[in-house]
Amino acid sequence: LHSNNTSSVNFLFSSTNKTMNLVNSAIFLSSALSTTVHAHGLTSFLKGTSEKQQEDKAPARKLTLFDPNTYAGPADFVAEIDSDNTVPCCCLEEGGHECGETCSSDDNGRGNTGTTKFWINENEGDVTIAYEIYLPGLDIDEWVTKGDSSDDVTKIHFHNNVPGVKGPHALNVLKAPCQDDFDLVLQPFGYKILGIWDSSDLGCPGVTGGGASQKLEDMLVELCSSKIYVNVHTNFCLDGELRGQAIPASAKAAAFCANLGL
């Protein structure tokens with residue numbers, strides 16, 4: 001009798017553990033398939049304690065709860081990004097091959113395009129810039145099209161310079177050298193990256209010079225002068241497959257820039 005009771009208890013615990021494992025697996029799978037991922041939280045979890053210790057040395061940051069309404073309505077600035085604007089000209093094959101000094105419709109890569117929208121938000125003198133990067137056909141988290149690595153986005157930055165010229169980083173958005181936007185949200189199956197550029201996005205320790213993110217307040221004049229451009233790097237073109245300048249696109253942007261003396 002004792003033996004039978006022990007067997008029953010062991011079976012019960014075994015069944016319970018299996019059930020909990022199935023539940024936990026279902027929760028993990030549901031999370032993995034979710035179309036919205038808070039990128040900073042996910043990467044912080046995956047990087048582990050040593051990265052967290054480095055982050056603790058970074059300037060204090062503020063986290064804005066994700067609100068879809070932030071990205072609604074007409075955009076104040078718009079950047080149409082494509083291969084025709086990349087510097088150097090986008091590659092025709094994997095591995096960062098450069099086509100040449102200038103681009104033409106015959107040698108500008110795969111023909112991918114995208115759009116980046118920016119919205120100005122002012123609250124008691126504090127300015128933030130919400131943005132949405134839309135990259136149809138590209139894999140922003142390297143999991144949507146596991147069989148094809150050429151469409152993987154390797155990094156995204158905002159840069160500062162006029163069209164046709166490389167410029168220093170204004171904000172490191174996605175991956176190397178650092179994800180400096182603490183509010184970054186990925187929607188892999190919607191091909192979208194959402195973020196809020198604010199005064200706390202000052203860059204992570206160890207990144208200096210032209211590769212470091214700049215203070216937002218120093219970049220507002222550059223944004224109004226159409227000198228902020230979006231650069232999207234992929235495995236297909238390591239130097240950058242898509243590029244485009246942010247252009248004022250609303251009356252609100254015109255008034256905002258006028259207040260800056262532009």
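Start with the aromatic rings: a search of the whole structure, which is a predicted model, turns up four aromatic pairs.

Select tyrosine 131 and phenylalanine 158. Their ring centres are 5.0 Å apart and their planes stand at 75 degrees, so this pair is edge-to-face; the cut-off for that label is over 60 degrees.

Tyrosine 131 belongs to strand 4 (residues 126-134), while phenylalanine 158 belongs to strand 5 (residues 153-160), so the pair ties together parts that are 27 residues apart in sequence.

Together with Tyr131 and Phe158, they form one aromatic cluster.

Move on to arginine 243 and tyrosine 229. What sits over the ring of tyrosine 229? The charged end of arginine 243 does, 3.4 Å from the ring centre.

Finally, zoom out and show the protein chain as a cartoon. Five helices and eleven strands can be picked out in the chain. The chain has 262 residues, and 40% of them count as buried. Take the contacts between residues at least 6 apart in sequence: 66% of these join residues at least 24 apart. With the surface shown again, the protein chain exposes about 13700 Å², and carbon and sulfur atoms supply 55% of that area.

Note on methods:
Residues numbered from 1 in each chain as written. Predicted model: local features only at pLDDT ≥ 70, side-chain atom pairs only at ≥ 80, totals over all residues. Heavy atoms only, no water. Phe/Tyr/Trp six-rings, centres within 6.5 Å; stacked < 30°, edge-to-face > 60°. Helix = DSSP H or I, 4+ residues; strand = E, 2+ residues; numbered from the N terminus. Lys NZ or Arg CZ within 6 Å of the ring centre and 35° of its normal. Buried < 20%, exposed > 50% of the residue type's maximum accessible area, 1.4 Å probe, protein only. Contact = heavy atoms within 4.5 Å. Areas by Shrake-Rupley, 256 points an atom, 1.4 Å probe, with all protein chains shown as cover.
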